[in-house]
Amino acid sequence: MTHWLIAPVVLPAMLAPFIVLAARYHIGIQRVFSIAGVVTLIAIAAGLAWGTADGTVMLYLLGDWAAPFGIVLVGDRLSTMMVLLTAVLALFVLVYAIASGWDDRGRHFHALFQFQLMGIMGAFLTGDLFNLFVFFEVLLIASYGLMIHAGGDARLRAGVQYVLFNLIGSTLFLFALGAIYAETGTLNMADLANRVALIGPEGTVGIRVAAVLLLLVFAIKAAVVPLHFWLPSSYAEAPAPVAALFAIMTKVGAYAIIRVYTMIFPPELEATAGLHVQWLLPAALISLAIGMIGVLAAKRLDRLAAFSVIGSMGMVMISISLFSPAGIAAALYYIVHSTLAGAALFLISDLVRIGRGNLNLTPQAPVAGAALTAGLFFVGAIAMAGLPPLSGFLGKLLVLDAAYGTDLMVWIWVIVLGSSLISILGFARAGSILFWKAQSVAPPEDAPVRMPPSTMSYVAVGGLISLLAAHTIFAGQVHGYTTVIAAQLFAPEPYITTVLETQGKLSKPAEDH
Amino acid sequence: MEFLLASAIGVMTAAGIYLVLRLRTFPVILGISLLTYAVNVFLFTSGQVVIGAPPVLRDGVTVYTDPLPQALVLTAIVISFGMTAVVVMIGLGAFLGSNDDHVDDQPEIADDQAGGTS
């Protein structure tokens, strides 16, 4: 048994208290440790992704207790890919936070950042539903702190909404877990997959309620309409690097839906029949439409970015709710794209804020550092709206292709294409107001001189954009890999047998010692 | 016993949801506390209600109660207690800062702040 699988959880968990206790008053030392930690995390995540790329399912028994009695961490292709994506995103976000000085505007940014990473990594790696709840709480507690980092009334008010909404979500999660435990007597995902399949058609009421409750919880996390109301204010008011890191948090919800509803409640299961196509797909279509209409209607650039995140989550959920291998593969390709593009947009809106003082979409004097910022906004908008040549276009094409021939194909095509047009209009309007109309507005006499953002900020955003470019250039390979991931998800037997049949040292008979 | 527990969960959930919909910080926090109490009792009963039976293996005993829900409830209690403390502090900060304890967005105020602070 290799111990590397728990390293992405343990490393930030050790680093965060160290930063609080030993480097409390030294922002320089905090920065060094934080960056070093994230770089190490990328190396570990890359190693794990490499180790599982051939289809091996890595298993870590905590305390060497065998499942389903002990808690397990499981790494397969999907979870290690998400871990790698998180680590890479974290590096660029961290570089931006340091370069723009956001981390120095309040206490404990780096410690909370590491705790946040710990929660996200744990949520991706755990093989136990209650453990998933615990890691959700870890990432939420850290995100509460990060969300109100640097204070301010508007931010605190948005923070209250965010915390309350998520508390209700956590309570629902506990109700769902209680119902599942009462029905099946286990919370281990692999064990659940076996036991839920045994429930006869006459006794499905309880498990059906539990499945719907669980779907609601994950839909809150993934900000699927009508459970998206927490997202626009909190993402818009959160500090820009934090909002950029939050781009992965909605994907935690998407990941949980993919994991639970391919393995435990697969589409062909009678107990939960109809849940996926009849409920999830329409909600996803409405999310996409609402998100992109929000992009057009937004009065501020940060709100625009937040609504584009809702829209792109709608696209991801459309693809997921097809629950076909092609759909999941397209969803995973789009998840990587939308995480990077969403994060880039939040950071770009912060570049505009630095150069302009506010984010209102009204004609004002030119943005300091306009040329570079405008260029980055142009590329980011193309990516998010899904125009060629960037990966948003390819991702959308894959989703449309996966939807081809399904019952709701007409609806999916019409809404995806229509909302793309609306989002293009929205981004074009925002860009032209911010950067073109500015040329015709004279700066007021007493306007303070604004410095353009620092070079390192541009490097961080440029890094995200170049990752998007790489995601486009190597689209064939990436999509090939996500297809293999989807194949593994739809054949969960190796996962289940690995988890349930690996013996822990402590569960072997005594004479073996 | 089952009836008592079930109606307690039901009443607390109903009261909790009613309070959550009040849209002021204090009732909402009280409502969420009630909801977490309800969910704690619900989790506790999810392993079947057995009265007067030990949860840990012991000589000469044949009837046991399920120990796992008790462990789950402990975790849930700790987490919800901590979370309530956090939301009280943030809510207090927001109230003292903007002198308003509405949980929902107040459109006119939000626009003023948008122009003023960001």
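**A close look at A:Leu139**

Modeller: Happy to! Leaving aside residues up to four places away in sequence, A:Leu139 touches A:Gln116, A:Gly119, A:Ile120, A:Ala123 and A:Met249. Please keep in mind that this is a predicted model. The residue itself lies in helix α5 of chain A. Is A:Leu139 buried or exposed? A:Leu139 is buried, because 23 other C-beta atoms lie within 10 Å, and the cut-off for calling a residue buried is 20 or more. For a sense of distance, take A:Leu387: A:Leu139 and A:Leu387 are 248 residues apart in sequence, and their C-alpha atoms are 33 Å apart in space.

Helix α5 of chain A covers residues 129-147, and together with α6 (153-184) it makes up the elements that give two or more residues to the side of chain A that touches chain B. The largest share of that side comes from α6(A), with 17 residues. Counting both partners, the contact takes 29 residues from chain A and 32 residues from chain B. What kinds of residue does chain A bring to it? By class, its side has 17 nonpolar, 8 polar and 4 charged residues.

Next, step back to chain A as a whole. It has 20 helices and 2 strands, and 60% of its 513 residues count as buried. A compact globule with 513 residues would have a radius of gyration near 24 Å, and chain A has 23 Å, which agrees. Among the contacts in chain A with a separation of 6 or more, 80% join residues 24 or more positions apart.

What about the interior? The largest nonpolar core has 228 residues, and those with the most contacts inside it are A:Leu347 and A:Val461. Helix α14 (residues 325-356) of chain A gives the largest share of this core, 20 residues. You can find A:Val461 in the picture by its partners: not counting residues up to four places away in sequence, A:Val461 touches A:Tyr96, A:Ala344, A:Leu347, A:Ile348, A:Leu351 and A:Leu376. In soluble globular proteins, nonpolar side chains tend to be buried together.

Finally, here are two helix pairs to compare on your screen. In chain A, the axes of α1 (residues 7-22) and α2 (residues 27-52) come within 10 Å and cross at roughly 175°, which means that α1(A) is roughly antiparallel to α2(A). Helix α1(A) makes this contact through residues including A:Leu11, A:Leu15 and A:Phe18, while α2(A) uses, among others, A:Phe33, A:Leu41 and A:Ile44. The residues of this contact divide into 11 nonpolar, 4 polar and no charged.

In chain B, the axes of helix α2 (residues 25-45) and helix α3 (residues 67-98) come within 9 Å and cross at roughly 175°, so α2(B) is roughly antiparallel to α3(B). Among the residues that meet here are B:Ile29, B:Ile32 and B:Val39 in α2(B) and B:Leu72, B:Val73 and B:Ile77 in α3(B). By class, this contact has 13 nonpolar, 8 polar and no charged residues.

Conventions. Residues are numbered from 1 along each chain as its sequence is written. Chains are lettered from A and ligands numbered from 1 in the order in which they are written. This is a predicted model: local features need pLDDT of at least 70, side-chain atom pairs count only at pLDDT 80 or more; totals for chains, interfaces and linings use all residues. Two residues are in contact if their C-beta atoms, placed from the backbone, lie within 7 Å. Helices (H or I, at least four residues) and strands (E, at least two) are DSSP runs, numbered from the N terminus. Ala, Val, Leu, Ile, Met, Phe, Trp, Tyr, Cys and Pro count as nonpolar, Asp, Glu, Lys and Arg as charged, and the others, Gly among them, as polar. Axes are lines fitted to C-alpha atoms, for helices over the stretch in contact, and angles run from 0 to 180 degrees between N-to-C directions. Angles under 35 degrees count as roughly parallel, over 145 as roughly antiparallel, 65 to 115 as roughly perpendicular and the rest as oblique. A residue is buried if 20 or more other C-beta atoms lie within 10 Å of its own, exposed if 12 or fewer, and partly exposed in between; C-beta atoms are placed from the backbone. The radius of gyration is taken over C-alpha atoms; the globule rule is 2.2 Å times the number of residues to the power 0.38. A nonpolar core is a set of buried Ala, Val, Leu, Ile, Met, Phe, Trp, Tyr and Cys residues joined through C-beta atoms within 7 Å.
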